[in-house]
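Have the viewer open while you read.

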Amino acid sequence: MTSASAPGKVILFGEHAVVSGAKALGAAIDLRAKVTIRDTPGSTMIEACDLCLRGFSLDLNTLQVVSAEAVHATRYVSAVLNEFDARNLRVMIESDIPLASGLGSSAAIVVAATAALNRHLDLGLSQKDIADRAHRIEKAVQEGLGSPTDTALATHGGYLQVSSQVLPLDLPGMNMVVGYTNQSHDTRSEVAKVQSLKARYPDLVDPIFQAIGAVSARAVPLIRDQKLRELGELMNVNHGLLEAIGVGTRELAELVYAARGAGGAFGAKLTGAGGGGCMIALPTPHGFAALITALRQARGTAFAVKTGCEGVKVERDQA
Ligand code: MEV
């Protein structure tokens, strides 16, 4: 039996502008997806449980309880099994990363499955091979959509600066809170919407993208020096710029304002593509409980997360 787990991620700064070449900053978080593989001669089966923090399981043999989330997760794992022509295995997926929320759940599942299979079948893939193969697999399942950031963060962990290249940054971990609107979102349509706005109003959107890139670059030394108050200010600026290009929603705004108001956060912004999904907030040193309460009162699902955590780990390897 072999298990591997991989982290989800948040985009801290720079989403959307990165599509047009500006810098973005992403961080692995300590919500993880885990994939366990056992030999089962004569049958190949994928099971999913505890996905999206809701308990259920899917048994492909009996086709018992099926949910959209489980089907979604099993598509990624079947793609990994097909990529390596792997059969006669029972694969169990567990995850505490909400699916389709912009927190990198599919990348984490693909990376964990690839790493577990790598060890189980002795495929000899390096970390870089795992990140590359996982990126290709995720992109194929998503019909061409998928930036290398999510699979790179799920594999290597830590922080990444993304522009034309993906650059690991050595920065300290931070305690943050993620607020999920409980609304799934569609990255492809949000990116298309923003790119169409840019094509129609380049004189307006180009400077906004430049400002977003500048915010991302300024954030790096602030994280290094743990200047959290200033970092929060930049989160607020970045959120305003994302609102300006039309990816905010009422639900995201409610969580952002609840975090800054009753939650007392240093700053708050949407994270990822927008149009639903999640926001992030930076709590004051003793403000965690108030922030989580404020987000829950604003009808969000709140998670305390630590940024910059460890990448993929093979957790158990038993005969
Ligand atoms: C989505 O998590 C981030 C976007 O910038 C898209 C991308 O970088 O591929 C909106």
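How many Å is an oxygen atom of the ligand from a polar backbone atom of H16? The distance comes out at 2.9 Å, and bear in mind that this is a predicted model. On its own the ligand would expose 300 Å², and the protein buries 82% of that.

So who's standing around the ligand? Its surroundings are made up of E15, H16, V18, V19, S147, V191, G272 and A273. Sorted by class, that shell looks like this:

| Class | Residues in the shell around the ligand |
|---|---|
| nonpolar | four residues |
| polar | three residues |

As for the site itself, the ligand takes up the space of the largest pocket.

Now zoom out to the whole chain, which splits into domain 1 (2-170) and domain 2 (175-306). Their contact draws 32 residues from domain 1 and 40 residues from domain 2.

Where does the ligand sit relative to domain 1 and domain 2? Both domains give residues to the shell around the ligand, so the ligand lies between them.

Conventions
Residues are numbered from 1 along each chain as its sequence is written. This is a predicted model: local features need pLDDT of at least 70, side-chain atom pairs count only at pLDDT 80 or more; totals for chains, interfaces and linings use all residues. Side-chain values use heavy atoms; hydrogens and water are left out. A residue is near a molecule or strand if one of its heavy atoms lies within 4 Å of it. A polar contact is a pair of N or O atoms within 3.5 Å; within protein, one must be able to donate a hydrogen and the other to accept it, and residues adjacent in sequence count only if both atoms are side-chain atoms. Accessible areas come from the Shrake-Rupley method with a 1.4 Å probe; for residues, only the protein chains shown count as cover. On a 1 Å grid over the protein atoms alone, a cavity is a set of points where a 1.4 Å probe fits but cannot get out, and a pocket is an open set with protein on both sides within 12 Å along at least five of seven lines; lining residues have an atom within 4 Å of a point. A molecule sits in a cavity or pocket if more than half of its atoms lie within 2 Å of its grid points. Ala, Val, Leu, Ile, Met, Phe, Trp, Tyr, Cys and Pro count as nonpolar, Asp, Glu, Lys and Arg as charged, and the others, Gly among them, as polar. Domain bounds come from an automatic or database domain assignment. Contact means heavy atoms within 4.5 Å.
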